Amino acid sequence: MIEVKVPVLPESISEATVAVWHKKPGDFIELDDVIVEIETDKVVLEIPAEDSGVLTEIKAKEGETVGEQQVLGIMEKKSQDNSKETSIAESDSTKKEEFSREAPEEIIQEAAAEETPEEEAPVKEVVTEKVPEETTQEVPDEATQEDQQNSSKLSDKGDVSTKGNRLEERVPMNRIRKTIAKRLHSATQNTAMLTTFNEVDMSAILSMRLSYKEAFEKKYSVKLGFMSFFVKAAVESLKKFPAVNAYIDGDDIVYHAYCDVSVAISSDRGLVVPVLRDAHKMAMHDIEKAIIDFSVRAQDGTLGIDEMSGGTFTISNGGVFGSLLSTPILNSPQSAILGMHKTEERPIVVDGEIVIRPMMYLALSYDHQIIDGKEAVQFLISIKDALEDPTRLLLKV
């Protein structure tokens, strides 16, 4: 017998929730097949099979809370051939039992048919009934049909209740969503959060991407996106304003001599914030590759817990969803977060003339307990200057 157990969890996590069973009792499981997924506060963990065998019992159902090393299910070790032989043997046995039960009745019917002469065969009386030409049925109106369809869809997800002709659904939050809710609520309650805004002319970056996108992709096998520019601009600005790269710990301020930039990524399971470690040492193509990798694995649920821990500053790009302006919430215990938005052509004044330029609003939310308003505004202007004149990123001025 093989026990399917919850793996060893990190020190900061004490329990998990059974998310999805990919196998059911009786299924044959190959080595390394994913049997079940469990959900922690930060990530979904896949539990693979340590050996080949048949799942015989599930001890923790979906939605149950489990602890470290708790037994989730039981497997019986066997090869696939043995599993098939057992299945065939059981099938043959079942067929034999069915034949032994059905055979006597068939024999009796055949014998009775032989003993009954044709002329004495019973004559069945045919009864005809007049079918009404028109039948009346109650046809539900369109609203009722729509409610029934909606109810059918909702019932697959959670408890459905009806108030008159209005449907409501109650679905328990998953563990990741609970953690996101707690962290965001804590950030708003435990910080003096303030947001400052500015706008950046994206003309220079768009022109640079257009000129070098083919050469960049050919050399590094990755497309040149916006995020690498913003990460590099943020890193250079963090060096100039160390308070933005620090956090409060009790009565102390902890300053970082490095830049670990968190990147907010939306996934089907909720918001995740993987970290670009030592972003100040990364080249632009390394940043682009890392972000693409994070995005793919966020959707697959394969990001590691350690990859989302830490971080000294966060960048969130609501522009990919069409957001024109927002006030991002701090990613505690960090002291600041940069919000990117949709690039949109707008009329602006340049050298006394009205021109149309691709503009993006930037938002910097920060903890006023550690960062003064002057520092926050200057930090955001530093990012704006670097983006409007990318040469600054090369010269680091």
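Buried means under 20% relative accessible area, exposed means over 50%, and partly exposed is what lies in between, with a 1.4 Å probe and only protein chains taken into account. By that rule, 35% of the 397 residues of the protein count as buried. This is a predicted model, in which local features need pLDDT of at least 70 and side-chain atom pairs count only at pLDDT 80 or more, while totals for chains, interfaces and linings use all residues. Residues are numbered from 1 along each chain as its sequence is written, and side-chain values use heavy atoms, with hydrogens and water left out.

Q: How many helices and strands are there in the protein, and what makes a run count as one?
A: There are eight helices and 21 strands in the protein. Both are DSSP runs numbered from the N terminus, a helix being H or I over at least four residues and a strand being E over at least two.

Q: Why is V320 called exposed?
A: Its relative accessible area is 57%, and because the label exposed is given over 50%, V320 is exposed. V320 lies in the loop between strand 18 (313–317) and strand 19 (336–340), and its C-alpha atom is separated by 7.5 Å from that of H341, 21 residues apart along the chain.

Q: Why is T191 called buried?
A: T191 has 17% relative accessibility, and the limit for the label is under 20%, so T191 counts as buried. T191 lies in the loop between helix 3 (175–190) and strand 11 (193–201).

Q: What does T191 touch, and what makes a pair of residues a contact?
A: A contact means heavy atoms within 4.5 Å, and on that basis T191 touches L330, D367 and Q369, when residues up to four places away in sequence are not counted.

Q: What makes R346 and E199 a salt bridge?
A: A salt bridge is a side-chain nitrogen of Lys or Arg within 4 Å of a carboxyl oxygen of Asp or Glu; the closest N and O atoms of R346 and E199 are 2.9 Å apart, and the two form a salt bridge. R346 lies in strand 20 (residues 344–350) and E199 in strand 11, so the pair ties together parts that are 147 residues apart in sequence. R346 counts as buried at 12% relative accessibility, whereas E199 counts as partly exposed at 27%.

Q: How do you know that R357 and D201 meet in a salt bridge?
A: The N to O value for their side chains is 2.8 Å, which is to be set against the limit of within 4 Å. R357 lies in strand 21 (residues 353–367) and D201 in strand 11, so this pair ties together parts that are 156 residues apart in sequence. D201 counts as buried at 11% relative accessibility, and R357 as partly exposed at 27%.

Q: Which salt bridge has an N to O value of 3.8 Å?
A: The side chains of K342 and E344 meet at that value, and the limit is within 4 Å. K342 counts as partly exposed at 33% relative accessibility, and E344 is partly exposed at 28%.

Q: What makes a set of residues a nonpolar core, and which members touch the most others?
A: A nonpolar core is a set of buried Ala, Val, Leu, Ile, Met, Phe, Trp, Tyr and Cys residues joined through side-chain atoms within 4.5 Å. The largest has 71 residues, of which L72, L276, F313, I315 and L387 touch the most other members. Helix 5 (residues 227–240) gives the most to this core, with eight residues.

Q: Is A233 buried or exposed, and why?
A: A233, whose place is in helix 5, has a relative accessible area of 0%, and because buried means under 20%, A233 is buried. Leaving aside neighbours within four places in sequence, A233 is in contact with I383, A386, L387 and L393.
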